Amino acid sequence: MRWSVAQGFSRRSFLRGAAGGTGSLILGVKYSPAEGAIKKHSSSVINNFIRVDPDNTTTLLINYAEFGNGAYTSLAMMVAEEMDIDWNTIVLEEAPTEPKYYSPLFKEYLTAGSVTTLSAWMPMRTAGAQARDLFLRAAALKWDTDIKALDTQLGNVIERNGDRSSTYGDLLVTIEKESLTALSNVSLKNPKSFKLIGTNTKRIEGTEKVNGSAIYGIDIKLPGMLYGSVARCPVYGGKALSWNDSKTMAVKGVVKTKRISSGIVVLAKDFWSAKKGRDALEVVWDEGQNASLSSEKFYSEYKALASKPGMLAEDIGNSLKVLHETRDTIEAVYEMPYLAHACMEPMNCTAMVEQDNADTDKISKCEIWSGTQYQSNDQEIVSKLLNIPQQSVTVHRPLIGGSFGRRASKTADFTVDAVEAANGENVPVQVIWSREEDIRGAHYRPLFVHKLRGALDDKGIPLAWHQTVVGQSIMQGTKHDPAYMVRGMDIYSLDGCLQEPFGVFRYGTSYAIPNHRVESHNPPKVGVNPHEWRAVGHTHTGIAYECFLDELAHAGGKDPLDLRLELTKDNPRMNTVLKLLKEKTNWNTSLGEGRARGMAARTYSVSPCAQAVEITLLDNGEFSIDKVICVIDCGIAVNPLGIESQVQGGISIGISAVAFGNIEIVDGRVKQSNFHDYNVMRINHMPEIEVHIIPSEEMPTGVGEQATAPIAPAVANAIFAASGTRVRSFPLSKHGFKLI
Amino acid sequence: MTTLSVNEKKHTVEVEADTPLLWVLRDHLNMTGTKYGCGIAQCGACTVHIDGSPQRSCVLPVSAAEGKEITTIEGLADAELLNEVQQAWLDFDVAQCGYCQSGQIMTATALLNHNSSPSDEDIDAAMSGHICRCGTYQRIREAIHHVANKSSVNVK
């Protein structure tokens, strides 16, 4: 896939023209291997990430996924800034799934954790600076002059006090003739001299996304491709005992049915026929171990566990002693349900499994086309599944219609579906999940129960805090176990509860409470696949922590924002964020009858973020969120326009969750199935969002999930301020508070 | 055999009469700009114009679209141009993942054709049948107002 800024159209029309105008052939060109493209365009490889054409086009091999996060744009900005090229001359191409393109932080080909900007900051800038330096050296040689007499200007090397200038593209001949190569040690720009970084920059793949030409995974069309639809056991983990496909095979267009790990797949010449055939299948299921599970049972078991001692994650001071000696302790239990990601593009993957020419029992290679956050894991799982070397699995990366964590599946579930369906077919197979399968897909934000106890000092300031966290671990027993499990505890389950850094998470809550104890229970991982969901641990710890802190503020007669200012007085970054929030919200003014404010402050993955919401609550429980003011400190703001998008998006998905989000398991089955019963926010629910970015010279840190973390508790705290009702089990709709 | 007029071109397809128009567009005509989101007319990703009016192609049997003029996102503007709504979407950098935006743009275009200066309430009424999980709603609203303020003529 290639994108360019200004030439989106011309490049596409070239591709269309060259390909004869049909979808499948366009892909043949777009997905041509990098080596082919190099020869075709006589590009010169500058380093792992950059190629330059004689016509001065710069190709960036991009090694992070674009799912709305803006990674393509902000990473290209870093390269363009250091390389000093015209923004309109950069095009992107997917970097292959090879170790040299792995995230330096994860050591995998993975886009996750709101760390893309941080992880790419040095590699992208260095790649750009290496290229610029190479062209400067080439010009110095060509013109037999001192490199110090030269400078660059938007893709050209120029002589400061002379007439000579050359495009980078024209210097490729010199680079080749003189066998020049990029140097590893090059100096980077002083951030004060950035020209592109820090400016509002529209997304590089924007045009494709408004004229219908953007190719997502679900849009892949390949010659001879079949479509697959899977009949799955209604109980997660169940298996098909037998199936009768006589009605299915009578559906026009259906080719065959067969067993795959996740159920029975129906293959057909188009998706509608596959789905119609799937719906006509008669399957006898063995529902397995999970048929009696229910959300209600999980809640009651977890509440019982929350009263028992757990594994000790943190014990600052002596909370138990202080709480024991305090007469009026405050206690609360918070309950958060399972949540589905419900990305707009349902899960899907296209796979082509090729047999060895010499030995048709053997598989020679596999290609997959997948909107995935996690290329290297998909590649590894597919290689094990087919028993072929990892490098024999090619992962193509179409655009991604939303992810929010879902498409970083550790089990590669939707990828495995397609590969198993395609295995033995000798044609590509695209498996598309229906929305119902997607909602019931069991990769959920796990259900959590938090029990909290607190004590105040004589000034009403929190003196002791004791939190017990109960919920299924995301990382336990996965390949991430060594990095994310600390003394048996999942750092994601506790992220946002701990005052001090824990494991690889080098940040705490930003607050300082003198006695602070947190315990953790990992109940058995049954029934669902606990999974990352935008802001991960903070989606539940944020509610528990920030709502209970609000309870303590209320009990101590403190203003909730002033209390947080007090608790962060030794944390300058969060304290600054809170001060600006107070100013921008006119916090001490009254909003008038029926209206109220709530706020919360969270530090997720380094960047502190605080929000205040203004709501209107009607007597019948209906409420609107009128305005959200968000202040974030994400270090250097690479693309403020993109940051604003991410904040708006993070807030939106968080409001959906706190207002409506609820996946309920009853008799082992997921009750919800589609957007009519898994409600999400729509345009009429959307508040006005005001974003304030703290100016900074710190390294850029993430914004993708940060704004999701405080919004749910801020809304719940506003509901309390307006109604006096403290909601402690979610979503709000369970208690008659209906977002309008 | 079903004959359809899509973006002012005639196409003949051989499909069952109950096949939703969405899958005919996507799988038989290879026009993938129109998206599948829910299959039950809840999310709006599949919105196309039928004789100028926005409809959910995921629940519209192809037989019901026969003899009518179907416009998809690919046909909103001529050749390589964008209509004013698409241009405003670019100018306001509306799209994030972008998956729902074809449908959003189809409905916004129809809204502006019908009402050249929609109020916030008009926008809510017209656009609330669409879901964007990336939360681009604020910029969608700004882009629609921008087109309305800029022009009083039909956007297409």
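How many salt bridges does the rule find across the interface of chain B and chain A? In this predicted model, the number is 6. One salt bridge is formed by the side chains of Asp27(B) and Lys221(A), with an N to O distance of 2.8 Å. The elements that contribute two or more residues to the side of chain B touching chain A are helix H1 (21-28), helix H3 (84-91), helix H4 (101-114), helix H5 (120-127) and helix H6 (137-150) of chain B. Of these, H6(B) supplies the largest share, 5 residues.

The extent of this interface can be described in further terms. The size of an interface is often given as the accessible area lost when the parts come together. For chain B and chain A, the buried area is about 4900 Å², and carbon and sulfur atoms give 55% of that area. The contact draws 52 residues from chain B and 63 residues from chain A. Between the two chains there are also 31 residue pairs in polar contact, counted with both residues at pLDDT 80 or more.

About 1100 Å² is buried between domain 1 of chain B and domain 2 of chain B, with 59% given by carbon and sulfur atoms. Across this interface the rule finds 0 salt bridges, but 5 residue pairs are in polar contact, both at pLDDT 80 or more.

Strand S16 (residues 348-355) and strand S17 (residues 363-369) of chain A run antiparallel and are joined by 6 bridges. Within this pairing, Gln355(A) stands opposite Ile363(A) in S17(A). S17(A) is also joined, by 4 bridges, to strand S18 (residues 393-396) of chain A, and these two strands run parallel. Here Glu367(A) has Thr394(A) in S18(A) as its bridge partner. Together with helix H12 (residues 375-386) of chain A, S17(A) and S18(A) make a right-handed β-α-β unit.

Terms used. Residues are numbered from 1 along each chain as its sequence is written. Chains are lettered from A and ligands numbered from 1 in the order in which they are written. This is a predicted model: local features need pLDDT of at least 70, side-chain atom pairs count only at pLDDT 80 or more; totals for chains, interfaces and linings use all residues. Side-chain values use heavy atoms; hydrogens and water are left out. Two strands pair if DSSP finds at least two bridges between them. A crossover is right-handed if, with the strands pointing away from the viewer, the path from the first strand over the helix to the second runs clockwise. Buried area is the accessible area (1.4 Å probe) that two parts lose on being put together, summed over both. A salt bridge is a side-chain nitrogen of Lys or Arg within 4 Å of a carboxyl oxygen of Asp or Glu. A polar contact is a pair of N or O atoms within 3.5 Å; within protein, one must be able to donate a hydrogen and the other to accept it, and residues adjacent in sequence count only if both atoms are side-chain atoms. Contact means heavy atoms within 4.5 Å.
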